[in-house]
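Subject: Structure handover

Hello,

Here is the structure for you to look through. Please open it first, then read the notes below.

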Amino acid sequence: MAAATLRQEQRRLRWAMLSPALIFILAMIVFPLVYTGYLSTTDAFGAVNAHRSFIGLANFSDALSDTRRFWPAVVRTAVFTVAAVALELCLGLAVAMLLRRPFGGMRWVRTILMVPLLATPVAVGVLWLLILDPTVGIANHLLGLVGIPPQPFLGSVAECCRRWS
C-alpha cells in the first residue's frame, strides 16, 4: 500500500515539475497557432482591435484560387528552397572534403570557418551578463519593482578571490 502511495506522489511531483515548461509551451507555441487559425477564418485585417466577423474557409479558397499571385509565389518559394538547400549541401560537402586533408594554412582556414559558430554563444553570454549585471541589469530592476534588493547573481570579485585562495 505504501509503495503505491509513493508512486502516486512521485507521479504528482513529476507533473508539478513539468507544469511550468508545459505552460510555457502552451503560451509560446500552441496559443499563437490556435489564434492564427482563428484569425484565418475571419475577415480580420489590420488593427488588432478591429471588428471581425467569421467567414469560414473563404480566405483559403480565395488564396488557392488566386492564380495571379498565390501560385507564382508558391513556385518561387519552392524553387528558392530547393536551390538554397542544394547549394548549401554542395558547398558544405566541398568545404568538408577540402578540409579533410592537411594543407598549408589549414589552421587559419579552420579558424575562419569556426568564428561564426563561436560568435553566437559569446553574444548570448554577453547578453546574459548584461541582464544579470548588479547595477544596470534588467533582472535586478525587475526584482526592485517587487521590493527585493539587488542580488549579486554572478557573485563579486571579492567573493571569487576569497573562495579560491
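A residue is called buried under 20% relative accessible area, exposed over 50%, and partly exposed in between, using a 1.4 Å probe and protein chains only. By that rule, buried residues make up 7% of the 165 residues in the chain.

Some ground rules next. This is a predicted model, in which local features need pLDDT of at least 70 and side-chain atom pairs count only at pLDDT 80 or more, while totals for chains, interfaces and linings use all residues. Residues are numbered from 1 along each chain as its sequence is written, and side-chain values use heavy atoms, with hydrogens and water left out.

**Overall fold**

The chain has 6 helices and 0 strands. Helices (H or I, at least four residues) and strands (E, at least two) are DSSP runs, numbered from the N terminus. Along the sequence, the pattern reads α-α-α-α-α-α. The chain is more spread out than a compact globule, because its radius of gyration is 27 Å, well over the 15 Å that the globule rule gives for 165 residues. That radius is taken over C-alpha atoms, and the globule rule is 2.2 Å times the number of residues to the power 0.38. The C-alpha trace spans about 75 × 65 × 50 Å along its principal axes.

Now the contacts, meaning heavy atoms within 4.5 Å. Take those in the chain with a separation of 6 or more: residues 24 or more positions apart account for 2% of them. The accessible surface of the chain is about 14400 Å². Carbon and sulfur atoms hold 74% of that surface. These areas come from the Shrake-Rupley method with a 1.4 Å probe; for residues, only the protein chains shown count as cover.

**Salt bridges**

How many salt bridges does the structure hold? There are 2. A salt bridge is a side-chain nitrogen of Lys or Arg within 4 Å of a carboxyl oxygen of Asp or Glu.

One joins the side chains of Arg12 and Glu9, at 2.8 Å from N to O. Arg12 and Glu9 are 3 residues apart in helix H1 (residues 2-40), so about one helical turn separates them. Arg12 is exposed, at 51% relative accessibility. Glu9 is partly exposed, at 43%.

Another links Arg69 with Asp66, where the closest N and O atoms are 3.2 Å apart. Is Asp66 buried or exposed? Asp66 is buried, with a relative accessible area of 19%.

**Aromatic pairs**

Rings of Phe, Tyr and Trp (its six-membered ring) pair if their centres lie within 6.5 Å; planes under 30 degrees apart count as stacked, over 60 as edge-to-face and the rest as tilted. By this rule there are 3 aromatic pairs.

Tyr35 and Tyr38 make a tilted pair, 6.1 Å centre to centre with 35° between the planes. Tyr35 and Tyr38 lie 3 residues apart in helix H1, so they are separated by about one helical turn. Tyr35 is partly exposed, at 30% relative accessible area. Tyr38 is partly exposed too, at 39%.

Phe70 and Trp71 form an edge-to-face pair, with 4.9 Å centre to centre and 80° between the planes. Phe70 is partly exposed, at 29%, and Trp71 is partly exposed, at 40%.

Finally, ring pairs link Phe31, Tyr35 and Tyr38 into a cluster.

Best wishes
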